[in-house]
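Visitor: Could you walk me through how the helices and strands pack in this one?

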Amino acid sequence: MEHIYFNKEKGCLMLLDQRLLPHKEEWFECVGTQDIVYALQQMVVRGAPAIGVTAAFGCVLACNEVAARNDWKASLEKKLRDIAHARPTAANLAWAVEVMLHEQLKGQPESTDDLIKLWLDKAMDLHSKDIAINKRMGGYGAELINDGDTVMTHCNAGALATGGYGTALGVVRAAVDQGKKVKVIANETRPFLQGSRLTAYELEQDGIEVTVACDNACAHLMQQGLVDKVVVGADRIAANGDVANKIGTYGVALAASAHGVPFYVAAPLSTIDIRTKSGKDIPIEDRTPDEVKFINGKLILPENVGVYNFAFDITPSTLISAIITEYGILHKPYDEAINRVCAQAPGA
Ligand code: MRU
């Protein structure tokens, strides 16, 4: 499923507008930094690896915007900062901008034209590598899934949340490709409904059996023995293995622990931030109350009542059975495993 591509003739980034799925497939055109920041903040595109890929292409558009200015270096720096800080929780956003800056340092381009070319090649490379990484991760993760398993997932960690194929859903796809019969329970994921709108959409298109459940049904479904494994993605993994992921993930992990259901996190190394010591140090995005207060434009609670709309929560590493990466499966103690794998892996 292609949902991000760069249109070279028009010089713009095309994003499948995820706010409108599953019933409308419309493309959102980004011609400059403002469009990129808007698309990230309004969640036209979302999911940690997908926003990383978007940020990489965003650097190309930013450079194009400042190319004619005398002070292009200072203007570019500000635009890259805007992109890197568009959302605070996912590690991949700042990571992607850092990768682009590193590429600039390595390539020493002589003009903005050269820099645009260098960055466009790098952004394309990051995009295709992300798909390859997900497939490799899927192969490792599929070993944890048995024929006949029902896998619960939270939010959308599929093709739409990445360059393609998916992290958590990549594990499911790879298990299905190995000939295993796998059913998925997609938690609805209030308030943006990534589970019911996006995960269900993707899996149905692939012919993988999927059932949507309200978020508050999770513990009951486990108590009834209807869930064999949980596989989720991540927005940031701290050096000690604590995981930030979509709000509600922590509750799913607690329920899984209480019912003896293995709880797996699938994420690429670009989501691991060894500079962040533990979950306590991960900034949690606090989004507009309107996402909770309104459904399809209709106010659903008394007008003056406040709401919480934290977009992510922290699952402590103690609740995680294993972390699936493109370099294999990490086990406890996670601080050691993470150190080892990050030291071994070549840079992007
Ligand atoms: O707010 P979102 O939709 O960007 O949150 C996305 C998630 O929480 C995903 O689970 C995570 O980014 C992993 S995507 C492979």
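Guide: What follows takes the helix pairs and then the strands. This is a predicted model, in which local features need pLDDT of at least 70 and side-chain atom pairs count only at pLDDT 80 or more, while totals for chains, interfaces and linings use all residues. Residues are numbered from 1 along each chain as its sequence is written, and side-chain values use heavy atoms, with hydrogens and water left out.

Visitor: At what angle do H4 and H5 cross?
Guide: The axes of helix H4 (residues 91-107) and helix H5 (residues 112-142) cross at roughly 135° and come within 10 Å. Helices here are DSSP runs of H or I with at least four residues, strands are runs of E with at least two, and both are numbered from the N terminus. Axes are lines fitted to C-alpha atoms, for helices over the stretch in contact, and angles run from 0 to 180 degrees between N-to-C directions.

Visitor: What does that make them to each other?
Guide: H4 and H5 are therefore oblique to each other, given that angles under 35 degrees count as roughly parallel, over 145 as roughly antiparallel, 65 to 115 as roughly perpendicular and the rest as oblique.

Visitor: Which residues meet there?
Guide: On the H4 side they include Trp95, Val99 and Met100, and on the H5 side Leu115, Leu118 and Trp119 are among them, where contact means heavy atoms within 4.5 Å.

Visitor: And how do H3 and H5 cross?
Guide: The axes of helix H3 (residues 72-84) and H5 come within 13 Å and cross at roughly 25°, which makes H3 roughly parallel to H5. In this contact Trp72, Leu76 and Leu80 of H3 meet Thr112, Leu115 and Trp119 of H5.

Visitor: Switching to strands, in what order do the four in the open sheet lie?
Guide: The order is S11-S8-S9-S14, with mixed pairing, and two strands pair if DSSP finds at least two bridges between them. The edge strands, each pairing on one side only, are S11 (272-273) and S14 (312-315).

Visitor: What packs on that sheet?
Guide: Helix H9 (residues 249-258) does, touching strand S9 (243-246) and S14, and its direction makes about 35° with that of S14.

Visitor: Is S10 covered on one face or both?
Guide: Both faces of strand S10 (residues 263-266) are covered, with Phe263 and Val265 on one side and Tyr264 and Ala266 on the other, all of them buried, meaning under 20% relative accessible area with a 1.4 Å probe and protein chains only.

Visitor: Which strand pairs with S10 through Ala266?
Guide: Ala266 stands opposite Ile324 in S15, and S10 and strand S15 (residues 322-325) pair in the parallel sense over three bridges.

Technical notes: Buried < 20%, exposed > 50% of the residue type's maximum accessible area, 1.4 Å probe, protein only.
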